[in-house]
2 protein chains.
Amino acid sequence: MKTGLGFLVSALRCEIDELEQLAHTCALVVTIGRLVHALQRERGISNVLLVSGGMRFAAQRATQVAESQALAQAVREAFDALDSQGRRPGNGARLFSRIAWVLPGLNALPELRHRVGALSLDAAASTTAFSKLIAGLLAVVFEAADGATNPEISRRLVAMFNFMQGKELAGQERACGASAFASGRNDSARQQQWLHLIDSQEHCFELFAEFSDAGPAELWRSIQPPAQMAELERLRRIACAAPSGVALDTELSQSWFDCCTRRIDGMQAVEERLATALRELCEQKTAQARAELQAHEALLGSAADGPDAAQAFSLFLEAPATAVEATPAPATYGRQLERSILDMVQEQSRRLQAMSDELDTVRAALNERKLVERAKGLLMAHRRISEEEAHKMLRQTAMNQNRRLIEVAESVLTMAELLPSDIPR
Amino acid sequence: MKTGLGFLVSALRCEIDELEQLAHTCALVVTIGRLVHALQRERGISNVLLVSGGMRFAAQRATQVAESQALAQAVREAFDALDSQGRRPGNGARLFSRIAWVLPGLNALPELRHRVGALSLDAAASTTAFSKLIAGLLAVVFEAADGATNPEISRRLVAMFNFMQGKELAGQERACGASAFASGRNDSARQQQWLHLIDSQEHCFELFAEFSDAGPAELWRSIQPPAQMAELERLRRIACAAPSGVALDTELSQSWFDCCTRRIDGMQAVEERLATALRELCEQKTAQARAELQAHEALLGSAADGPDAAQAFSLFLEAPATAVEATPAPATYGRQLERSILDMVQEQSRRLQAMSDELDTVRAALNERKLVERAKGLLMAHRRISEEEAHKMLRQTAMNQNRRLIEVAESVLTMAELLPSDIPR
């Protein structure tokens, strides 16, 4: 029969298992981040190629495609590695399901590239295809962040996910602005979409700043020098504050693209910093838990069968529950070993409770996205529309009513309670 | 390289692993329920023995002790079995930590019994010791309910935990009333405590009714015939509505004990029904997931490498996201197999999302207890008092202000935000 101390050791082993799995998950997230960056560049280059009728960026594209291919291969290997580790705690099923969803997208890349090379689809269709694939990859990152069971690591993953999402929105903004300036005019529909991209982007970076530790947050501030931001804001203002349909200076096209690209490439540096911090944190947490396990196991070897029944009675059943910060029992108490085992149990249980509380807080930041997804699903079912249409409907309502997307999603979900019960919730 | 369908299969395997672990957890919960029932009886019998100076219930006690011992052994074996299954998803560390905490209490039982037999401790001390052990066992059940990852099973475990908790409160009420009637008087402190036991008990049974399926809830209503409830309420009223210090008819002592005992023994039948329903549900869910896995694996064998790149392109990147309830693609579409794989991914991902949403809802019912625990920990740290004292303080405040315990706990936690930062949260 296992003793109390034996179960303490089991509890620690569970923690170590989870930390080791988390380390693999974090490595996957970092690899996905690099692929997303490559795909974002390939999306931009492909656009220029298509818009220029194949005249520009053919060489750059070849280099970029090779890089994307190598990184896609790395992501596939990371998927396989994740699977070969067997049982995963908590959200394993959801994580694998997201991977199952995104893999056909990776399989579709060669055909997409073939059509881009043959100029047989237009820039908008190419952008949509790349963006859909990137969204699928980010959904895997989201699930990884949602499944983390250590609050400090979860906190960094939430920062990372929001940064990646913000970066993708910045990429979409670059594309949106590029076609506005290139076409020489803007209209109110695109202006609205553009402003929405700015808003959502800023919200992501706020969440990033809230959950990141100091290093990456500091780097992020430093790579946005005021002069560069002033230029970005000036170009945004020119395009978005102009009355609908007014002509735009097509000469600004290159300035816009360069300004956005400098910013987005800088983001990649922040992401790499986040990745390093994440890896170090995983290593540190695992080392810490291992050291504790070793100490416990040594004690387990020496403690024989633990306190005898009379001692257990006094310790467990007579002792008042000790206050969290109570001073330790005086050394003259005469049964240090047994008391220290019970203290260890209390200490561990308090630590686990604190971790669980902290985790709830961090995860709340992910709930927003979940609520929006749920509202979308509801609209899709109720109005028999596609996901894109549902998203557009939510966004449009938010813009019309000057409310945040999450507020509209919450209204939709509340309303659903009042709908007939044959509507799936 | 694994295909999308391969990862679908991995996702299903994760689900099956978790269901199998859940089945073991449920078996543990049922075993703990039986031990708690035995310990509740032993607590009552020990009380009578101690109050009667060893004159009454000596034979009953011997029988009851033997039963408790056998069940404690079964619980220890279930603990060990749980541990030998290795890695546990999600809250494994917390579950093992709760077990580590309760094991010294089980070790202390022989010494407790020795002192009861020697009449060397009083009824109140014996009751406290048994109650502390039972609370530790219920904390294991709580953790088991909190860690369940299948919403339907989680729902039943929440019903079960609340029923067990309500039953324990009913047991404490029996003891409280028994000593009031036996002593021939009641005072306002005991009246307040008594009314609190009734309130908390009713709250537990409400939660049970909310989360239980129809069978056990119906049984619970049927074992509380109006005549019996009227008698219970009459005795409660006599003792609790009387002015403080007024004499009570000691003749009512036996009626009170019998009335409560009939009710509590009836609860045991409900608990057994809950246990059966839980086991059946686990079996059914596992069988269902296994059948689905088999179907997927068969498909995996026949599907070779899945759709080729051109098909993947059309399916993943060109297809609009299908609405949840969209009609299936017409049969003339010509690539049923590949489409059906993508449909399966979408279908599974929707199912997992719905499960996760439902799980959040069910778990919210457990948050109440967590908030109260957190508020207690805060008071313990801040005022350097014991857990019992902290609980009493919360309860007293709730009674004084005529508020629910959870409301007081929330106020304490809100207040903590305003306290100096050196206070641990």
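What share of the contacts in chain A with a separation of 6 or more is accounted for by residues 24 or more positions apart? In this predicted model, such residues account for 82% of those contacts. Of the 425 residues in chain A, 41% are buried.

Two domains are assigned in chain A, with domain 1 covering 4–288 and domain 2 covering 311–418. Taken over C-alpha atoms, the centres of domain 1 and domain 2 of chain A are 27 Å apart. Domain 1 of chain A gives 17 residues to the contact between them, and domain 2 of chain A gives 14 residues. On the side of domain 1 of chain A that touches domain 2 of chain A, at least two residues come from each of α1 (4–51), α4 (123–147), α5 (151–183) and α6 (188–211). By class, that side of domain 1 of chain A holds nine nonpolar, six polar and two charged residues.

A bend of about 35° is present in α3(A) at A:Ala108, and a proline, A:Pro110, follows within four residues. Most of α3(A) is covered, with 20 of its 26 residues buried. A:Leu119 follows α3(A) and is found in the loop between α3 and α4 of chain A. A:Leu119 counts as exposed because it has 12 C-beta neighbours inside 10 Å, and the limit for an exposed residue is 12 or fewer. The phi of A:Leu119 is positive, about 50°, although this residue is not a glycine. Most residues other than glycine have a negative phi.

A positive phi is also found in B:Phe57, a residue other than glycine, where the value is near 70°. B:Phe57 lies in the loop between α1 (4–51) and α2 (58–84) of chain B. B:Phe57 is partly exposed because 18 other C-beta atoms lie within 10 Å, which falls between the limits of 12 and 20.

The largest nonpolar core has 183 residues. The residues with the most contacts inside this core are A:Leu137, A:Val141, B:Leu137 and B:Val141. When neighbours within four places in sequence are left aside, B:Leu137 is in contact with B:Ile32, B:Leu35, B:Val36 and B:Val102.

In chain B, helix α12 (residues 387–401) has 15 residues and reaches 21 Å from its first C-alpha to its last, close to the 21 Å expected at 1.5 Å a residue. α12(B) is followed by B:Asn402, whose phi is positive, near 55°. B:Ser386 is in the loop between α11 (336–383) and α12 of chain B. With 16 other C-beta atoms within 10 Å, B:Ser386 is partly exposed. B:Ser386 and B:Ala38 are 348 residues apart in sequence, and their C-alpha atoms are 28 Å apart in space.

B:Leu299 lies in helix α9 (residues 252–302) of chain B. B:Leu299 also counts as partly exposed, with 16 C-beta neighbours inside 10 Å. The C-alpha atoms of B:Leu299 and B:Gly6 are separated by 9.9 Å, and these residues are 293 residues apart along the chain.

Definitions and conventions:
Residues are numbered from 1 along each chain as its sequence is written. Chains are lettered from A and ligands numbered from 1 in the order in which they are written. This is a predicted model: local features need pLDDT of at least 70, side-chain atom pairs count only at pLDDT 80 or more; totals for chains, interfaces and linings use all residues. Two residues are in contact if their C-beta atoms, placed from the backbone, lie within 7 Å. Domain bounds come from an automatic or database domain assignment. Ala, Val, Leu, Ile, Met, Phe, Trp, Tyr, Cys and Pro count as nonpolar, Asp, Glu, Lys and Arg as charged, and the others, Gly among them, as polar. The bend at a residue is the angle between axes fitted to the seven residues ending there and the seven starting there. A nonpolar core is a set of buried Ala, Val, Leu, Ile, Met, Phe, Trp, Tyr and Cys residues joined through C-beta atoms within 7 Å. The expected span of a helix is 1.5 Å times one less than its number of residues.
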